[in-house]
Number of protein chains: 2
Amino acid sequence: MTGPAATFGFRDVDPEAKPGLVRGVFDRVARRYDLMNDLMSGGVHRLWKDAVAARLNPQPGETIVDCAGGTGDMARRFAKMARRAQLRRGGSDARIFVVDYNAEMIGAGRAKGSEPEIAWAVGDAQRLPLPDACADAYVIAFGIRNVTDISAALREARRVLKPGGRFLCLEFSRPVTEPLQKAYDAYSFKVIPEIGARFAGDREAYQYLVESIRRFPDQRRFAAMIGEAGFARVDYTNFTGGVAALHTARVV
Amino acid sequence: MTGPAATFGFRDVDPEAKPGLVRGVFDRVARRYDLMNDLMSGGVHRLWKDAVAARLNPQPGETIVDCAGGTGDMARRFAKMARRAQLRRGGSDARIFVVDYNAEMIGAGRAKGSEPEIAWAVGDAQRLPLPDACADAYVIAFGIRNVTDISAALREARRVLKPGGRFLCLEFSRPVTEPLQKAYDAYSFKVIPEIGARFAGDREAYQYLVESIRRFPDQRRFAAMIGEAGFARVDYTNFTGGVAALHTARVV
């Protein structure tokens with residue numbers, strides 16, 4: 001190990017090993033990923049995602065990068081919304097690039113059928129296969145905590161956004177009250193790995209998900225990191241008392 | 001089968017089946033792909049590729065799409081040439097996007113080490129994960145005959161190129177004299193599958209390669225297809241008596 005350690009759940013790992021470990025987790029759960037999200041969150045993740053799409057408010061002709069977009073559940077929301085606006089007012093198709101590090105997740109997404117607005121790519125959030133200043137918006141939902149070098153991914157987001165472009169990041173965060181934190185801890189460490197074991201046959205993968213959430217910086221620390229990557233107007237909104245948070249920022 | 005048949009070597013196959021079949025071939029040969037190219041062509045493929053890179057003459061600051069770029073042997077040539085020009089005259093880094101349909105090929109390319117100019121993506125030549133008019137050049141070397149819908153790939157190339165952007169396609173083609181054609185046939189159908197069987201342990205994959213070359217349109221027919229996709233100034237140069245050909249065109 002030469003640089004600082006990366007984290008894999010609660011383990012400190014060699015940064016070079018993290019991509020492989022994370023990839024293994026998602027390879028194993030790809031087919032059941034959406035179902036598991038429903039089971040684990042009681043469907044609440046859908047409401048959070050709807051809220052993010054509403055905040056983005058995708059428009060005809062916009063170019064939107066859906067980073068770590070996996071099975072495309074965000075991208076399909078964006079495509080639908082842009083198309084509805086297009087039917088009302090005209091304009092060209094939105095263009096949505098789903099980029100995910102994991103080929104199995106992209107495969108599962110493509111297999112669900114693809115809207116004409118969506119193009120899929122397996123690529124690295126730290127080194128996006130996209131030119132500078134090409135996107136109106138960059139969205140990453142439940143993806144950034146799996147990236148080895150979060151700051152590098154934030155700088156890449158900044159790079160591909162046009163001036164005025166918007167950054168939206170949905171991620172698990174810190175519940176803001178102590179009772180909620182306690183209930184959430186109990187649920188995360190006892191219930192979720194159990195659900196993972198029963199329904200996906202993979203306790204370890206879900207154990208990783210829970211631990212990686214705990215290791216991720218809290219709302220304020222993450223907001224500071226976004227600012228350090230060169231974004232302006234950094235802000236966040238808590239969802240479900242801070243179980244998740246939407247961080248937003250702009251390129252000026 | 002609903003639309004016209006796609007070809008897989010000499011077999012007509014359902015267009016929906018072709019991507020999987022082609023992917024299987026390249027999954028199986030990815031690790032030994034470059035070695036096999038050397039064995040099969042007696043190293044001549046390197047000279048052809050050098051000639052293509054020289055024709056492209058990559059410059060600092062240019063954005064180059066290396067489609068079906070697999071293990072990155074073209075991309076590395078481009079990066080090196082642009083960097084040499086940059087050392088002499090300055091300018092920003094070239095940006096080279098290697099896009100390949102096959103995750104194993106991209107994996108093999110990344111594993112060889114990556115130049116800072118190169119970003120890798122697994123994506124579809126018929127639906128590139130790139131915005132309109134973002135590239136100065138689009139290169140596809142020994143890739144286009146594996147694409148299910150060649151015309152769709154040509155239109156995608158046209159779409160991602162800037163006005164003035166250049167298209168370069170290196171592909172096996174038709175030897176221009178009969179004696180050469182005969183020698184080449186004998187070599188292709190007898191020697192190459194044998195080399196494939198001995199050195200990669202996969203006769204069928206190499207049989208596919210040989211057959212797919214025969215099914216690919218000849219120099220003139222392919223030039224016409226490029227024109228139909230909206231390119232101007234379509235031209236071609238034969239290499240080794242037409243065993244391969246470089247087709248070039250421009251967006252005007």
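Which residues does Ala153(B) touch, not counting residues up to four places away in sequence? Here are my notes, starting with that one.

1. **Ala153(B) and its neighbours.** Leaving aside residues up to four places away in sequence, Ala153(B) touches Ala125(B), Gln126(B), Tyr138(B) and Val147(B), where contact means heavy atoms within 4.5 Å. Ala153(B) sits in helix α6 of chain B, residues 150-160; helices (H or I, at least four residues) and strands (E, at least two) are DSSP runs, numbered from the N terminus. The C-alpha atoms of Ala153(B) and Ala125(B) are 5.4 Å apart, although 28 residues separate them along the chain. Ala153(B) counts as buried because its relative accessibility is 1%; buried means under 20% relative accessible area, exposed over 50%, and partly exposed in between, with a 1.4 Å probe and protein chains only.

2. **What you are looking at.** This is a predicted model, in which local features need pLDDT of at least 70 and side-chain atom pairs count only at pLDDT 80 or more, while totals for chains, interfaces and linings use all residues. Residues are numbered from 1 along each chain as its sequence is written, chains are lettered from A and ligands numbered from 1 in the order in which they are written, and side-chain values use heavy atoms, with hydrogens and water left out.

3. **How the copies are arranged.** Chain B superposes on chain A by a rotation of 180 degrees with 0.0 Å of shift along the axis, at an RMSD of 0.0 Å. The two copies are therefore related as by a two-fold rotation axis. Val122(B) has the C-alpha nearest the axis in chain B, 2.3 Å from it.

4. **Helix α4 of chain A.** This helix, residues 73-89, has 17 residues and spans 25 Å from its first C-alpha to its last, close to the 24 Å expected at 1.5 Å a residue; the expected span is 1.5 Å times one less than the number of residues. Its buried residues include Asp73(A), Arg76(A), Arg77(A) and Phe78(A). Just after α4(A), Gly90(A) takes a positive phi of about 80 degrees.

Technical notes. Least-squares fit on C-alpha atoms with pLDDT ≥ 70 in both.
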